[in-house]
Amino acid sequence: MTRAGDLRALRLDKRLTQLEVAEKLKVSQAHYSAIERGQKAREITEALLVIGSMRKRTDRTSGGDVKAGRQK
């Protein structure tokens, strides 16, 4: 698995949306999406560290599709 793939897997394992991670990184959701796709390779390590430090979300009332990590 690529480091970008690791990033997505870790985010989904913690039930986080791209928007939640993007806010923590202080970037837009679109920018974070590019990181996750491997288009911003220099930022993957930082994103992995940030996601690793975030708590796993346990609620399912955020209005988003947790598995896909998308907001409705």
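The axes are lines fitted to C-alpha atoms, for helices over the stretch in contact, and the angles run from 0 to 180 degrees between N-to-C directions. The model is predicted, and local features need pLDDT of at least 70, side-chain atom pairs count only at pLDDT 80 or more, and totals for chains, interfaces and linings use all residues. Residues are numbered from 1 along each chain as its sequence is written, and side-chain values use heavy atoms, with hydrogens and water left out. Helices (H or I, at least four residues) and strands (E, at least two) are DSSP runs numbered from the N terminus.

The axes of H2 and H3 come within 8 Å and cross at roughly 100 degrees; the two helices are therefore roughly perpendicular to each other. In this contact (heavy atoms within 4.5 Å), H2 contributes Gln18, Leu19, Val21, Ala22 and Leu25, and H3 contributes Gln29, Tyr32, Ser33, Ile35 and Glu36. By class, the residues are six nonpolar, three polar and one charged, where Ala, Val, Leu, Ile, Met, Phe, Trp, Tyr, Cys and Pro count as nonpolar, Asp, Glu, Lys and Arg as charged, and the others, Gly among them, as polar.

Helix H2 (residues 18-25) also packs against helix H4 (residues 44-53), at an angle of about 105 degrees and with the axes 10 Å apart. H2 and H4 are therefore roughly perpendicular to each other as well. Val21, Lys24 and Leu25 of H2 meet Glu46, Ala47, Val50 and Ile51 of H4. This contact comprises five nonpolar, no polar and two charged residues.

Buried denotes under 20% relative accessible area, exposed over 50%, and partly exposed the range in between (1.4 Å probe, protein chains only). Beyond its neighbours within four places in sequence, Leu7 is in contact with Tyr32, Ile35, Glu36, Ile44, Ala47, Leu48 and Ile51.

Within H3, Tyr32, Ser33, Ala34, Ile35 and Glu36 are buried, and the elements covering the buried residues of this helix include H1, H2 and H4. Ile35 counts as buried at 1% relative accessibility. With residues up to four places away in sequence not counted, Ile35 touches Ala4, Leu7, Leu25, Lys40, Glu43, Ile44 and Ala47. Ile35 and Arg8 are 27 residues apart in sequence, with a C-alpha to C-alpha separation of 9.7 Å. H3 is followed by Gly38, whose phi is positive, near 85 degrees.

One salt bridge is counted, under the criterion of a side-chain nitrogen of Lys or Arg within 4 Å of a carboxyl oxygen of Asp or Glu. Glu36 forms a salt bridge with Arg11, with the closest N and O atoms 2.7 Å apart. Glu36 lies in H3 and Arg11 in H1, so the pair ties together parts that are 25 residues apart in sequence. Glu36 is buried at 7% relative accessibility, and Arg11 is buried at 1%.

Terms used
Angles under 35 degrees count as roughly parallel, over 145 as roughly antiparallel, 65 to 115 as roughly perpendicular and the rest as oblique.
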